[in-house]
Amino acid sequence: MDEVKNINKTNFAEEFVDATEELVLNMGPQHPSTHGVLRVILKLHHEKVVDLDCDIGYLHRGVEKISETLSYKLAAPYMDRLDYISAVSNNLAYIETIEKLAGVEVPKKAQYIRVILTELARISSHLLWLATHALDIGAMTVFLYCFREREEILNIFEMVTGARLTTNAFRIGGLPQDVPEGFEKAVKDFCEILPGRISEYEALLTKNRIWLARTKNVGVISPEDAIAIGLTGPSLRGSGVKWDLRKAHPYESYNEFEFDIPTGENGDTYDRYLVRLEEMRQARRIILQAIDGIPEGDFTAKVPKVLKPPKGEVYHSIEAPKGELGFYVISDGSTKPYRVKIKGPSFYNLQALKKMCLGHYVADVVAIIGTLDIVLGEIDR
Amino acid sequence: MRMKELVSKVLFVDLIKGLSVTFKSMVSHAVTEQYPKERSKIYERFRGEPRMAVDENGKTKCIACNLCAMNCPVGCITVEAERDPETKKRVLTRYVFDMQRCLFCGFCEEICPVNCIQLTTDYEMSQYDRKDFVLELNELEKGMEKIKYKK
Ligand code: SF4
Ligand code: SF4
């Protein structure tokens, strides 16, 4: 009976609040906002995240191992399936690495067309990112509009490469075939409509009070942390670090084109959103320069049918839409690579999730996963 | 500046701007397709259902060189052939294409010296049974048997 007397009402309420246990919540692997199959184990205090761990590997297919069993040429289609949203960029990274290893010089014309296709892939990847990111946060309309424009890009891919997603667009030494008639017009038509469409997204989102509330000061990461974790791509540039491999280590013909590297200031979700929107405009700028300047010449270099690169190892990376995509290939002089290591940007970007989420609400985790722009196909490989 | 922001917030300028985009696309023409009735344009290079070409006598063009099988990353093509004792040429006896494993990468089509195996623009490839995806030569020549839906 003593105990009952001692209970003071206010104290009881306080005790009750304090006694709230930390709750472990499994988000995923089938959560729609995880863009694949990512399991995030959240430790929550009330609705705030106090700890977080990611469980990956659900999509592991062993691409690296498979490539060791195939000849250099035949492994290329598997690379489409890493970051299936921008398959062309993966193709480019892999093919360029092999070209570097084998010392193949690619004709200028092929280089220009490669640039056009990869920049289109960048726009398409960013469109899909914007679509799903906005959808996660609750802006349904943007999703449909972005897919409308993405459709145009996929049509161009289908016209040039023969497939919409798993493009297998390039071959060692150049392109499988010359671009078809109507390619230039299709690209130019798309470039024509793009700025208007981007301003439509901006009208829907940039000043929208709900969008601002959900993205401003959410998932902030400082430039130092971003570099330490190894963030690349727009996630790094959102924090104000001006680092872009297209400028830093130009590959293909990127040194011949004029473009700016947009950067953010605060390193929050909103800044990364602005950076990606601006990147789409810059990609359009590059495409327009390239399409007007496609040189005459061959679309492929002479490459032996059975490729046997000399013994050695090589690392080559490109600026994929999500960040630095690198391939490390070791050759033992035979027709098959000894080892292929893939450095996917999504895997490194995902490491920032914990740092960004701590102290935020559960609902913000969804926004932060979105802003990192991860693709699980690339993380698990 | 702050005043301006406040006024635009009170007057819902941001939302009205967004809604105007929505209304504009409400009155513009539709971009969707009514799929079975309307079909989107398929480009010539599209890599769809595999097909084997025949010559003018209705015989297969395939010379059983086995290049397609060797250039397939997943090994989904099987070529069986035997040597004709009279002409000393290889003659195709069996050709199997396992579509379940195919990546639709197009390497087989690219390498074929006589343009026999081709990936066509047909894209409706659904079947009820997995064994229907393993195509023999005669199926490859006239195309997969398609399921016709009745209403
Ligand atoms: S398309 Fe590619 S995966 Fe399919 S059979 Fe031809 S070579 Fe093999
Ligand atoms: S490459 Fe062409 S000709 Fe040679 S086996 Fe294959 S289908 Fe026949």
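**Cavities, ligands and interfaces**

Guide: Searching the whole structure turns up four cavities of 30 Å³ or more. Keep in mind that this is a predicted model.

Visitor: What is the volume of the largest cavity?

Guide: The largest cavity has a volume of about 70 Å³. Its lining consists of 14 residues, and those closest to its centre are B:C62, B:C65, B:C68, B:Y95 and B:C112.

Visitor: How does the lining of the largest cavity divide by class?

Guide: A class count sorts residues into nonpolar, polar and charged; Cys and Tyr count as nonpolar. The lining of the largest cavity has 13 nonpolar residues, one polar and no charged.

Visitor: Which ligand sits in the largest cavity?

Guide: A molecule sits in a cavity if more than half of its atoms lie within 2 Å of the grid points. Here the largest cavity holds ligand 2.

Visitor: Which residues are around ligand 2?

Guide: The shell includes B:C62, B:C65, B:C112 and B:C116, along with B:I63, B:A64, B:N66 and B:Y95. By class, the residues around ligand 2 are 11 nonpolar, one polar and no charged.

Visitor: And which residues come nearest to ligand 1?

Guide: Ligand 1 has 14 residues around it, of which B:C72, B:C102, B:L103, B:C105 and B:C108 come nearest. The shell of ligand 1 contains 13 nonpolar residues, one polar and no charged.

Visitor: What domains does the assignment give for chain A?

Guide: Domain 1 of chain A covers 2–52 and domain 2 covers 53–380. Their C-alpha centres lie 38 Å apart. Contact between them involves 20 residues of domain 1 and 24 residues of domain 2.

Visitor: How much area is buried between domain 1 and domain 2 of chain A?

Guide: About 2,000 Å² is buried between these domains, and carbon and sulfur atoms give 66% of it. In domain 1, A:H35, A:L38 and A:L52 lose the most area to domain 2, together 34% of what that side buries.

Technical notes. Residues numbered from 1 in each chain as written. Chains lettered and ligands numbered in written order. Predicted model: local features only at pLDDT ≥ 70, side-chain atom pairs only at ≥ 80, totals over all residues. Heavy atoms only, no water. Near = heavy atom within 4 Å. 1 Å grid on protein atoms, 1.4 Å probe; cavity = no way out; pocket = protein on both sides within 12 Å on 5 of 7 lines; lining within 4 Å. Points joined across faces, edges and corners; volume = space filled by probe spheres on them. Domains from an automatic or database assignment. Contact = heavy atoms within 4.5 Å. Buried area = accessible area lost by both parts, 1.4 Å probe.
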